[in-house]
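Please look over the model shown below, and then read the notes on selected parts of it.

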Amino acid sequence: MSYNFIRKISNLQLMQSKLNNDVFLKKVKDNYISKGKALLTFRNDEATVYYNGNQLCNTSFKLGKTPQGELTVYEKYLPLIRSAHLGSKKSSKNVTEEQWRKETGINNYSFEDVLPEILDNISKDSSPESTQVSKLYKFSPLNLDAPAEREIILLDVEAAFAKTGEKTERIDAVFYHTKEHRLMFIEVKRLSDGRIQEKDGNTAEVIKQLSGYKKVIDSEKQNIVDQYNNVIKYYNDILSKNKIPLMKDCKDPLLGLLLVEFTSQNKDKEQKKKAEEILAKNGMGMYSIGNAENVKDETLAKIYSTFLKLPK
């Protein structure tokens, strides 16, 4: 049984039209995606925008949807209905602007009008780890404030791999080295996360997690490369210049841990050293930086080099 990993948009013309003409999406694109503050990602006939580690909105292009190109936002992020859905035991679902208006009874407001409130609610719900990952959005190829020629770019976040009926594992960030034509998967963990430490002689949870990711990446390598080449094509369709080269062959993707949120205190230094030893003992790479906000282009190059040196 193969993994259900798809990055394909069937109706590219509709996606382009939606990005350029939908008032809400255009505002998000101009003020957040183009400034590296939000990230546009692609799934199986879906375009999803992430902000501060959570989904800002989702647009579906799947056949059977009426209509295709329908934009939705999670109920729990929308003003006027947020409190009711936060108190509910049901999972928050995505709703259209029309559904939101119907539930609130307010017809003279749009998602665009309440965008500041949506963003504020997303920030309130963001976990410390997801907030750290969001600091990497600046490496999006759609960030117009970025250097003209960037060697390593961000293609995806929360990359989910799952077989039917099994638990979904999500790798935090997927980068692409445009010169080396190689993918780099990064899991982000805070020093305070107990999963990076061995307990009672048992294997650290992060080792199990990374080992699981590696198994999937190795077995699905060709499909992963093919699907992310789709993503690169979609970014190139959006970009007016600085086109991203496609992956020409199926090089082994890199994988490792980015450790964040620690200080120069002795306690943190000792804990960080233990984490490094655990990763090294299991043949896995780790790079540490106090805050993901401080990751720069040269930092990504160092991370890439660190993971590249690992035994295959």
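**Briefing on a predicted model**

Asn44 is found in the loop between β1 (38–42) and β2 (46–51), where strands are DSSP runs of E with at least two residues and helices runs of H or I with at least four, numbered from the N terminus. This is a predicted model, in which local features need pLDDT of at least 70, side-chain atom pairs count only at pLDDT 80 or more, and totals for chains, interfaces and linings use all residues. Residues are numbered from 1 along each chain as its sequence is written, and side-chain values use heavy atoms, with hydrogens and water left out.

**Asn44**
- Asn44 counts as partly exposed because its relative accessibility is 31% (buried is under 20% relative accessible area, exposed over 50%, partly exposed in between, with a 1.4 Å probe and protein chains only).
- Leaving aside neighbours within four places in sequence, Asn44 is in contact with Ile6, Lys8 and Lys62, contact meaning heavy atoms within 4.5 Å.

**Gln132**
- Gln132, which lies in helix α6 (residues 128–134), counts as buried at 5% relative accessibility.
- Leaving aside neighbours within four places in sequence, Gln132 is in contact with Val188, Val260, Glu261, Asn291 and Ala292.

**Helices α1 and α8**
- Helix α1 (residues 12–21) and helix α8 (residues 221–238) pack at an angle of about 50 degrees, their axes being 11 Å apart (axes are lines fitted to C-alpha atoms, for helices over the stretch in contact, and angles run from 0 to 180 degrees between N-to-C directions).
- In this pairing, Leu12, Met15, Gln16 and Leu19 of α1 meet Tyr234, Asp237 and Ile238 of α8.
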